[in-house]
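Please look through the sequence and the model shown here before reading on. The paragraphs below are meant to be read with the structure open beside them.

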Amino acid sequence: WLAEKGLAWLSGGAFALGAGYLVTVAAQQNWFTPPVRLACALFLGAVLLGASEWTLRASRQRPPGHPLLAALFAGAGMVAFYAVVWAAHGLYGFLDAPAAAALLLVCAVLLAALSVRHGQAIGLLAIAMALLTPAITTVSAWSSVALTLFVCMVSASGLALAALRRWAWAAVAALTGLYFWFFEALANDDTRRALIFLATASLGA
């Protein structure tokens, strides 16, 4: 079981890393124009999501099938979408920070919806990606109040999802994200924000 699951997760991770690497290499090598590069990455993400849905339906028609493979395809496809938003904001400047944050949050919501079909691993990825949104879009672009509300809202949603679905690792991801931003606030001498994150983590735990 461990060998089978481990190989599957390694394959899924390779898909996800490959999607992000494709966007980065295309930018460095000047392949095509920036809009074409982003469109190709979006197409790759859509293909992976389509493959995920096809695999999941085939698994349900002929159990046990390959539900884990379907989940990995879904995760890799959404990572490709994240990479597109990051590139459009960080590499090409097509999106400002608020627009990029909004699109990344949409991706996280879609991942959370997919987790209902594919299980805890996708839910964990959704929480982690959502909590990384401020870092991806440059923390300095966020006001202290906006950052505090966003992190607390995402963490509370993640903890609620973990409680409803009984997903321990999803709760761990939400709490880890809270402590990450707690230490970031301490490093920036924002004691009030740090205390709010610590209190939220304590309540969640």
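Predicted model: local features only at pLDDT ≥ 70, side-chain atom pairs only at ≥ 80, totals over all residues.

What follows goes from the confidence of the model to a pair of helices, and then to a group of aromatic residues and a glutamate.

The mean pLDDT of the chain is 80, with 83% of the residues reaching 70 or more. Among the elements of the chain, the lowest mean pLDDT, 56, belongs to helix α1, which covers residues 2-29, whereas the highest, 90, belongs to α7.

Consider next how two of the helices lie against each other. Helix α3, made up of residues 67-91, and helix α5, made up of residues 120-136, have axes that come within 11 Å and cross at roughly 10°. Because angles under 35 degrees count as roughly parallel, α3 is described as roughly parallel to α5. By class, the contact of α3 with α5 is made up of 10 nonpolar residues and two polar ones, with no charged residues. On the α3 side the residues are A71, G75, V79, Y82, W86 and H89, and these meet I122, L125, A126, M129, A130 and I136 of α5.

The aromatic residues can be taken up from here. A pair of aromatic rings is described by the distance of the centres and the angle of the planes. The count of aromatic pairs comes to five. In the case of Y179 and F182, the ring centres are 6.4 Å apart and the planes stand at 90°, so this pair is edge-to-face. Y179 and F182 lie three residues apart in helix α7, which means that about one helical turn separates them. Y179 counts as partly exposed because its relative accessibility is 35%, whereas F182, at 12%, counts as buried. F182 also forms an aromatic pair with F183, again edge-to-face, with 5.0 Å from centre to centre and 65° between the planes. F183, in turn, is exposed, with a relative accessible area of 52%, the cut-off for this class being over 50%. Y179, F182 and F183 together form one aromatic cluster.

Helix α7, which spans residues 168-187, also holds E184. Is E184 buried or exposed? Its relative accessible area is 15%, and since buried means under 20%, E184 is classed as buried. Which residues is E184 in contact with, leaving aside its neighbours within four places in sequence? They are V139, L147 and R193.

Technical notes. Residues numbered from 1 in each chain as written. Heavy atoms only, no water. Helix = DSSP H or I, 4+ residues; strand = E, 2+ residues; numbered from the N terminus. Buried < 20%, exposed > 50% of the residue type's maximum accessible area, 1.4 Å probe, protein only. Contact = heavy atoms within 4.5 Å. pLDDT = per-residue confidence, 0-100. Axes fitted to C-alpha atoms, helices over the stretch in contact; angles between N-to-C directions. Parallel < 35°, antiparallel > 145°, perpendicular 65-115°, else oblique. Nonpolar A, V, L, I, M, F, W, Y, C, P; charged D, E, K, R; others polar. Phe/Tyr/Trp six-rings, centres within 6.5 Å; stacked < 30°, edge-to-face > 60°.
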